[in-house]
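Welcome, and please take a moment to look over the sequence and the model below. After that, we can walk through the structure together, one region at a time.

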Amino acid sequence: MKDSNKRTNILIYIIMGIGALIMIIPFAWMILTAFKSPTEATSLNPFVVFPKKWRTEAFADAWSKMDFVKLYINTILMIIGRVICAVVTATMAGYAFGRLNFKGKNFAFSLVLFQMMVPPQIFIIPQYLIVNKLGLLNTTFSLIFPGLVSAFGTFLLRQSFKSLPKDLEEAARLDGCNIGQTFLHIMMPLARSNMVALCIFTAIFAYKDLMWPLVANTEQSSMPLSSALAKLQGQFQANYPQLMASAAISCVLIVVIYLVFQRQFIEGIATSGGKL
């Protein structure tokens, strides 16, 4: 029996190792390409993995061509804004849908589920028209605007609040707490793990968002990292070492965020049962 369990564990480790290797290969290829010459980067020989001469010109050119300090600031402001808005609105909406009874509750929650089912690209034109009418194109607010509310976050927090026992609310009311006090002091702290998970998901989705920043922020001074990288891709040709160097510099932000919040990241994903 022990030998069987040992073989099973070894097989699981091998499969997980292969999966991890597959996920690391694109990142490693990006780093290696950044140190290659343009000729090596576009070589048709698949065995040219390592550069013959390690070059750093691509990093210097990328840093001089793009204002990474400004791009980092725009991206960080976008992430922080979207995370705060998503968590605040989703927590309140999730509590209302999960614990309160009001007229039209089921219909309103059906609209939230409907929004989750619809591709987000459908909302780009109406969102653009709204931001344009407000005169806020090419601003930080335009980057945050699509993340003011989160249908996924509302659903996630609604399930979290719905799973909590009713005795907690009844005890809070007996102690004289109103709805707001019960929400702030009793229920919200118990949903902290799901709120952390929502922060993580929102931050990653905001960091990866490409289409909306390309539409709403056409000036380079107001672009985040994702859309600025897309602008490096030429119509007829591309400097792949410079493009990969820029991508590597851009990855520093999300890597630092993960290293700083590694424990919260793992706990939030494990507790919520979510997937990336």
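The axes of H4 and H10 come within 12 Å of each other and cross at roughly 105°. Here an axis is a line fitted to C-alpha atoms, for helices over the stretch in contact, and angles run from 0 to 180 degrees between N-to-C directions. Helices (H or I, at least four residues) are DSSP runs numbered from the N terminus, as are strands (E, at least two). Contact means heavy atoms within 4.5 Å. Sorted by class, the H4 and H10 contact has six nonpolar, two polar and one charged residues. In this sorting, Ala, Val, Leu, Ile, Met, Phe, Trp, Tyr, Cys and Pro are nonpolar, Asp, Glu, Lys and Arg are charged, and the others, Gly among them, are polar.

Before going on, a word on what you are looking at: this is a predicted model, in which local features need pLDDT of at least 70 and side-chain atom pairs count only at pLDDT 80 or more, while totals for chains, interfaces and linings use all residues. Residues are numbered from 1 along each chain as its sequence is written, and side-chain values use heavy atoms, with hydrogens and water left out.

Helix H10 (residues 179–190) also meets helix H9 (residues 166–174): their axes come within 10 Å and cross at roughly 155°. That makes H9 roughly antiparallel to H10. Which residues make the contact between H9 and H10? Leu168, Glu169 and Ala172 come from H9, and Thr182, Ile186, Met187 and Leu190 from H10. By class, this H9 and H10 contact has five nonpolar, one polar and one charged residues.

Now find Lys162, which lies in helix H8. Not counting residues up to four places away in sequence, Lys162 touches Gly98 and Arg99. With 44% relative accessibility, Lys162 counts as partly exposed; buried means under 20% relative accessible area, exposed over 50%, and partly exposed in between (1.4 Å probe, protein chains only).

Take Leu225 as an example: leaving out residues up to four places away in sequence, Leu225 touches Phe68, Leu71, Tyr72, Thr75, Tyr207, Ser250 and Leu253.

One of the residues touching Leu225 is Ser250, found in helix H14. Ser250 is buried, at 2% relative accessibility. Beyond its neighbours within four places in sequence, Ser250 is in contact with Phe68, Tyr72, Tyr207, Leu225 and Leu229.

Helix H14 also holds Gln242, which is buried at 11% relative accessibility. Apart from neighbours within four places in sequence, Gln242 is in contact with Ala58, Asp61, Ala62, Lys65 and Leu232. Leu232 itself is in helix H13 and is buried, with a relative accessible area of 17%. Leu232 and Ala62 are 170 residues apart in sequence, yet 9.5 Å apart in space, C-alpha to C-alpha.

Finally, look at the loop between helix H6 (124–134) and helix H7 (140–144), where you will find Asn138. Most residues other than glycine have a negative phi. Phi of Asn138, by contrast, is near 60°, a positive value in a residue other than glycine. Asn138 is partly exposed, with a relative accessible area of 22%.

Key
Angles under 35 degrees count as roughly parallel, over 145 as roughly antiparallel, 65 to 115 as roughly perpendicular and the rest as oblique.
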